[in-house]
Amino acid sequence: MTQVAIASHPVAMSERRSDHLWRPYTQMKLAAPPLEAVATSGSRIILADRRELIDGIASWWTAVHGYNHPHIREAVGDQLARMPHVMFGGLTHTPAERLAARLAVLLPGDLNHVFFTDSGSVAVEVALKMAVQFWLNRGVQGRTRVLAFRGGYHGDTMGAMSACDPDEGMHHRFGAYVPAQIFCELPKNAEWEAALDATMASHRHELAAVIVEPLVQGAGGMLMHPPETLATIARLSRRHGLPLIVDEIFTGFGRTGTLFACEQAGVVPDILCLSKALTGGTMALAATVATSEIFSAFWSDDPAQALMHGPTFMANPLACAAANASLDLFETEPRLAQAEAIREQLTAGLEPLRAAKAVADVRILGAIGAVQLRGNPDLAALKAAFVEHGVWVRPFGNIVYLTPALTIAKDDLDRLIEAVRGIVSGLSV
Ligand SMILES: *Cc1c(COP(=O)(O)O)cnc(C)c1O
């Protein structure tokens, strides 16, 4: 089982630290050296010094079936032996054909046209491009901006970043390089609903689309909203003739308790983005899925009306094989029931933290449990404390959260919850 050998934590790591790697969101000069992972299994990350950490965040929300699921490994192994990759221009293959057809069945409404890319940010870029070109192909000029919501996160590439929260989203640093979008509050009350309605009315001539994360704004702070808020956005978008892009990159594949979050609001968007858990956390893959109405604007005798995008590794067969195997597991194993059991366990375990001095809020939705702290916690110290407790939990901003694999064992989730409770209730404000 887990060995938490803090005292014997070797310093060898820093000697082995590469001088060549540039790490994510990391001030290279100040950051503690990363831990070296050598293997994964189920909900465990095994480090080079043989410690095992219980993973509370499923590798940035991807590994919904736990690590190294034998069914996915086998599917990727078979595909690797047959055809690891082939270009997608002029060629097709069963893994991609099958995956697209299955996604079309699983997704609500007539979201039937699947464009594969290799990361969530690029899936959002494609969605934005699709929306802009949709209008151009219909002969409408000038509709090049998107309406996005405060608190949102849609990725790190320039177009996706432009739709992220304007204060948190690094816009000030990149200035004029980031296209200026239009931002509203999520319509959580009548006043904000009226404001959204008015903004849509006054800007519709320049808007290509509306983009939103359904039910939970993840990287923006695990900010949750009820299905009615999403339904309101969909209704107002329709009223003003604006295509709705729903970014399910975090929420897709069971995270919020249903296979897709938009189901809970009965909303069928015009364009939907998927990535993170699409391959069960094994390979980079993303999809931008459009309705027949969007697709029909590109269906033409004019070659210039084709969707102008095509990543080199588009529809990589290995990644598609992994995603097909992941969908098999959603069919054969009780993932949504597991998400519900996690919700109950998170609720029972984390809700009592509301009484803690350092806690401002506790939010639970499906298999997501978030504790918002007061003030600005020392993130480096928090992260180190979690590792000392034998768990892998990565707070950001003032949020400590758990998004474990949907397959996590009850005891492992108890240990994660215990670690959060122990560390958070020990914080002074
Ligand atoms: C992670 C995320 C993205 C970006 O995906 P990458 O694969 O990191 O580019 C976009 N939107 C949402 C909602 C996300 O959670």
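The model is predicted, so local features need pLDDT of at least 70 and side-chain atom pairs count only at pLDDT 80 or more, while totals for chains, interfaces and linings use all residues. Residues are numbered from 1 along each chain as its sequence is written, and side-chain values use heavy atoms, with hydrogens and water left out.

The residues around the ligand include Trp 61, Ser 121, Tyr 153, His 154, Glu 213, Asp 247, Phe 250 and Lys 276; a residue is near a molecule if one of its heavy atoms lies within 4 Å of it. By class, this shell has 4 nonpolar, 5 polar and 3 charged residues. Here Ala, Val, Leu, Ile, Met, Phe, Trp, Tyr, Cys and Pro count as nonpolar, Asp, Glu, Lys and Arg as charged, and the others, Gly among them, as polar.

A polar side-chain atom of Ser 121 is 2.6 Å from a ligand oxygen. An N or O atom in the Lys 276 side chain lies 2.7 Å from an oxygen atom of the ligand, and one in the Asp 247 side chain lies 2.7 Å from a ligand nitrogen. On its own the ligand has 380 Å² of accessible area, of which the protein covers 83% (Shrake-Rupley method, 1.4 Å probe).

The helices are DSSP runs (H or I, at least four residues), numbered from the N terminus. Their axes are lines fitted to C-alpha atoms over the stretch in contact, and angles run from 0 to 180 degrees between N-to-C directions.

H12 (residues 335–350) packs on H14 (residues 410–425) at about 30°, with the axes 10 Å apart. The two are therefore roughly parallel (angles under 35 degrees). The axes of H8 (residues 190–203) and H9 (residues 227–239) come within 10 Å and cross at roughly 25°, which makes H8 roughly parallel to H9.

H4 (residues 94–106) and H11 (residues 317–332) have axes that come within 9 Å and cross at roughly 40°.

Notes:
A polar contact is a pair of N or O atoms within 3.5 Å; within protein, one must be able to donate a hydrogen and the other to accept it, and residues adjacent in sequence count only if both atoms are side-chain atoms. Angles under 35 degrees count as roughly parallel, over 145 as roughly antiparallel, 65 to 115 as roughly perpendicular and the rest as oblique.
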